[in-house]
Amino acid sequence: MEDLLTQNNIDTDRAVSIVESFLFTFSEPVDIFELISVFKNNDIKADKKYIKNIIEILKKKYSQADSGLEIIHMEDKYQLVAKRDNFKYLEKVISPKKKKNLTQSAIETLTIIAYNQPTTKAFVEKIKGVKCDTTIAKLLEAGLIEECGRLDKIGRPIIYKTTEVFLKHLNISSIKELPDIENMKKEDVEQD
């Protein structure tokens, strides 16, 4: 199959414009397959590789100093957002929701879920040695974790995993970018 970007410069320019408009329209991250579906039944052919190339063109465009936007990537989703460098200017005008800090218990619970996902409340409680119903409820409310199914065991316990909100807060695009626990343990031992 020929490289779709070489189809026609007019098609590529139009596709860049369409993807940019689509990302601008939605404030939430957009799945790459949603972007592909925009082109179905139209005159521009698009597949996953083509859309990723269009995203790269847009990222390059937004990397210019005079652009106030950037595209962030989380798993297989993309979002058009204001550049992080401009936050200090924007926060003076926009009053964000009052942020609540996480308790030590919530941070521990979130860490256990992040490194062992998908996992159950029982698994988290076994590691922590205490009940964590309230903590899990608060993490769900904050959008940092979500239910992702049920375990096929007696009682069918809920399985939890982290969300895109979690990835955004850590400024990472995938849980694979989390620090390696084994390396952190070795560093702690060496420092003692």
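Ser174 is buried, because its relative accessible area of 13% falls under the 20% cut-off. The residue sits in the loop that connects H8 and helix H9 (181-191). The model is a predicted one.

**Surroundings of Ser174**

- Apart from neighbours within four places in sequence, Ser174 is in contact with Glu75 and Leu167.
- Ser174 and His73 are separated by 101 residues in sequence, while their C-alpha atoms are 8.6 Å apart in space.
- Glu75, a contact of Ser174, has a positive phi near 55° in the hairpin of S2 and S3, where two residues lie between the strands.

**Second largest pocket**

- The second largest pocket holds about 220 Å³ of space.
- Its lining includes Glu75 and Leu167, the two residues named above as contacts of Ser174.
- Also among the lining residues of this pocket are Lys77, Gln117, Gly143, Glu146, Lys161, Thr162, Thr163, Glu164, Val165 and Ile175.
- Strand S6 (158-162) and helix H8 (164-170) are the elements that give two or more residues to this lining.
- H8 supplies the largest share of the lining of the second largest pocket, with three residues.
- Sorted by class, the lining of the second largest pocket has five charged, four polar and three nonpolar residues.

**Sheet S1-S3-S2**

- Three strands form an open sheet in the order S1-S3-S2, and their pairing is antiparallel.
- Strand S1 (30-31) and strand S2 (69-74) are the edge strands, each pairing on one side only.
- Helix H3 (residues 48-62) packs on this sheet and touches S2 and S3. The direction of H3 makes about 140° with that of S2.
- S1 is joined to strand S3 (residues 77-82) by two bridges, and the two strands run antiparallel.
- Within the S1 to S3 pairing, Val30 has Tyr78 in S3 as its bridge partner.
- Six bridges link S2 and S3 in the antiparallel sense.
- Leu69 has Ala82 in S3 as its bridge partner.

**Sheet S4-S6-S5**

- A further open sheet of three strands has the order S4-S6-S5, again with antiparallel pairing.
- Strand S4 (119-120) and strand S5 (145-150) stand at the edges of this sheet, and each has a single partner strand, so one side of each is left without a neighbour in the sheet.
- S5 and S6 pair over five bridges in the antiparallel sense.
- Arg150 is placed opposite Ile158 in S6.
- Helix H5 (residues 104-116) packs on the sheet, where it touches S4, S5 and S6. The direction of H5 makes about 95° with that of S6.
- Helix H7 (residues 133-142) also packs on the sheet, touching S5 and S6. The angle between the direction of H7 and that of S5 is about 110°.

Definitions and conventions:
Residues are numbered from 1 along each chain as its sequence is written. This is a predicted model: local features need pLDDT of at least 70, side-chain atom pairs count only at pLDDT 80 or more; totals for chains, interfaces and linings use all residues. Side-chain values use heavy atoms; hydrogens and water are left out. Two strands pair if DSSP finds at least two bridges between them. Helices (H or I, at least four residues) and strands (E, at least two) are DSSP runs, numbered from the N terminus. Contact means heavy atoms within 4.5 Å. Axes are lines fitted to C-alpha atoms, for helices over the stretch in contact, and angles run from 0 to 180 degrees between N-to-C directions. On a 1 Å grid over the protein atoms alone, a cavity is a set of points where a 1.4 Å probe fits but cannot get out, and a pocket is an open set with protein on both sides within 12 Å along at least five of seven lines; lining residues have an atom within 4 Å of a point. Grid points are joined across faces, edges and corners, and a volume is the space filled by probe spheres set on the points. Ala, Val, Leu, Ile, Met, Phe, Trp, Tyr, Cys and Pro count as nonpolar, Asp, Glu, Lys and Arg as charged, and the others, Gly among them, as polar. Buried means under 20% relative accessible area, exposed over 50%, partly exposed in between (1.4 Å probe, protein chains only).
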